[in-house]
Amino acid sequence: MSKPRHFLSTVDWSRDELQSLLDSAAELRRQPIRQALQGQAVALLFLNPSLRTRSSFEIGAFQLGAHAVVLEPGKAAWGIEFEPKVVMDGEAEEHIAEGAGVLSRYCSAIGLRAFPLFKDWSHDRQDRVIKALAAHASVPVINMETIVHPCQELALMRTIQDHIGQPDGKKFLLTWTWHPRPLNTAVANSALLIASKFGMNVELLVPDNAYLLDEQFMDAAYEQVEQSGSSLEITRDIESAYRGADFVYAKSWGALPFYGRPEEEAKLREPYRHFMVDGAKMALTNQARFSHCLPLRRNIKATDEVMDADYCVALDEAENRLHVQKALMLELMGKGER
Ligand code: CP
């Protein structure tokens with residue numbers, strides 16, 4: 001049996017393939033109700049909470065005629081062990097070998113959300129949980145956020161193209177923002193990957209080099225800008241970063257050198273509350289649009305003024321999650337009409 005095509009990271013997909021999904025998403029926005037996946041099912045495994053991902057996948061499957069089975073392993077479904085060759089004398093009742101095997105018999109695709117464990121980055125950076133699922137599944141696996149968030153990437157790039165057109169050569173500012181806790185780097189990694197893949201001039205604004213992203217993503221982004229003839233710059237200068245930006249994307253994330261030591265990281269982060277996105281910073285831009293993956297703490301990551309401004313397109317990006325994921329499910333699950 002041939003191996004299924006998974007959607008684990010956009011690194012594995014070409015720009016043309018991703019653009020085809022984005023074009024399909026725009027078409028699905030115009031004509032949302034199809035029955036192309038009638039009678040099929042998709043399993044959605046959530047090891048972590050969600051508002052947008054869960055609702056947009058469930059509704060998207062429904063609008064395509066498919067059924068979504070939502071499972072929360074360890075809550076209303078058996079806890080799952082993802083590591084190979086373990087003596088399973090802990091909490092998990094089921095191994096992913098059987099869990100993935102069974103769901104592959106019932107469903108045409110399996111989505112998984114599995115955040116890192118925030119203890120040891122050298123372990124978490126390997127993304128072992130979703131790789132274990134992909135190894136054992138005989139149907140396509142969709143990453144619903146692990147250490148990257150490729151569905152969010154598609155929604156972001158759909159939103160960029162909707163609002164500023166052709167992305168090539170446009171200045172994309174990815175700014176770190178303060179938050180009370182050290183958050184997952186997934187969305188920041190993903191923003192870096194998709195903006196660089198689509199030829200944008202990427203500026204990464206961080207308060208300290210400790211907030212640079214993992215080298216596997218920095219290196220991939222550098223390779224992608226080289227291929228597309230654009231650029232990737234790192235800066236700590238807020239004013240120059242915002243000046244001339246065409247699109248501003250905010251995210252908070254934890255410093256990897258302090259991974260698993262949140263109290264120490266909090267001390268490093270404390271002086272940088274002023275990285276919050278506000279109207280004065282946005283005024284420096286080239287009439288940029290602002291977005292965020294959501295959820296967002298208002299007046300912590302961005303002010304009310306920014307979130308309520310016409311240039312804030314975060315709700316458009318959230319809506320686009322629905323359209324791009326339908327395009328993805330059609331691509332991975334269906335050979336039917338578009
Ligand atoms: N942006 C995003 O993935 O939202 P949820 O965590 O609510 O799914």
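Author: Contact means that heavy atoms lie within 4.5 Å. Take G254: leaving out residues up to four places away in sequence, G254 touches P182, L183, T185, Y211 and E265. This is a predicted model, in which local features need pLDDT of at least 70, side-chain atom pairs count only at pLDDT 80 or more, and totals for chains, interfaces and linings use all residues. Residues are numbered from 1 along each chain as its sequence is written, and side-chain values use heavy atoms, with hydrogens and water left out.

Reader: Where does G254 lie, and why is G254 called buried?

Author: G254 sits in the loop between strand 10 (247-251) and helix 10 (262-269). Helices (H or I, at least four residues) and strands (E, at least two) are DSSP runs, numbered from the N terminus. Buried means under 20% relative accessible area, exposed over 50%, and partly exposed in between, with a 1.4 Å probe and protein chains only. G254 has 8% relative accessibility, so G254 counts as buried.

Reader: What is the order of the open sheet of 4 strands?

Author: The order is 2-1-5-6, and the pairing is parallel. Two strands pair if DSSP finds at least two bridges between them. Strand 5 (residues 109-113) and strand 6 have 3 bridges and run parallel. At least two are needed, so this counts as a pair.

Reader: Which helix lies across strand 5 and strand 6?

Author: Helix 5 (residues 128-136) does, at about 165° to strand 6. Axes are lines fitted to C-alpha atoms, for helices over the stretch in contact, and angles run from 0 to 180 degrees between N-to-C directions.

Reader: What makes strand 8 and strand 9 a pair, and is their crossover right-handed or left-handed?

Author: Strand 8 (residues 201-205) and strand 9 (residues 232-235) run parallel and are joined by 4 bridges. L205 stands opposite T235 in strand 9. The chain goes from strand 8 through helix 8 (residues 215-228) to strand 9, and this β-α-β crossover is right-handed. With the strands pointing away from the viewer, the path from the first strand over the helix to the second then runs clockwise.

Reader: What makes a set of residues a nonpolar core, and which members of the largest one touch the most others?

Author: The members are buried Ala, Val, Leu, Ile, Met, Phe, Trp, Tyr and Cys residues joined through side-chain atoms within 4.5 Å. The largest core has 85 residues, and F7, I142, F172, Y249, W253, F290 and M329 touch the most other members. Helix 13 (residues 314-333) gives the most, with 9 residues. At least three residues come from each of domain 1 (10-148 + 321-332) and domain 2 (151-317). Domain bounds come from an automatic or database domain assignment. A second, separate core of 20 residues includes I80, A100, I130 and V141.

Reader: How many residues of domain 1 and of domain 2 are in contact?

Author: 34 residues of domain 1 contact 37 residues of domain 2. The C-alpha centres of the two domains are 25 Å apart.

Reader: Why are L294 and Q287 picked out for phi?

Author: Most residues other than glycine have a negative phi, and most peptide bonds are trans. Phi of L294 is near 65°, a positive value. The bond from L294 to P295 is cis, with omega near 5°. L294 lies in the loop between strand 11 and helix 12 and is buried at 15%. Q287 has a positive phi near 50°. Q287 has a relative accessible area of 72%, so Q287 is exposed.
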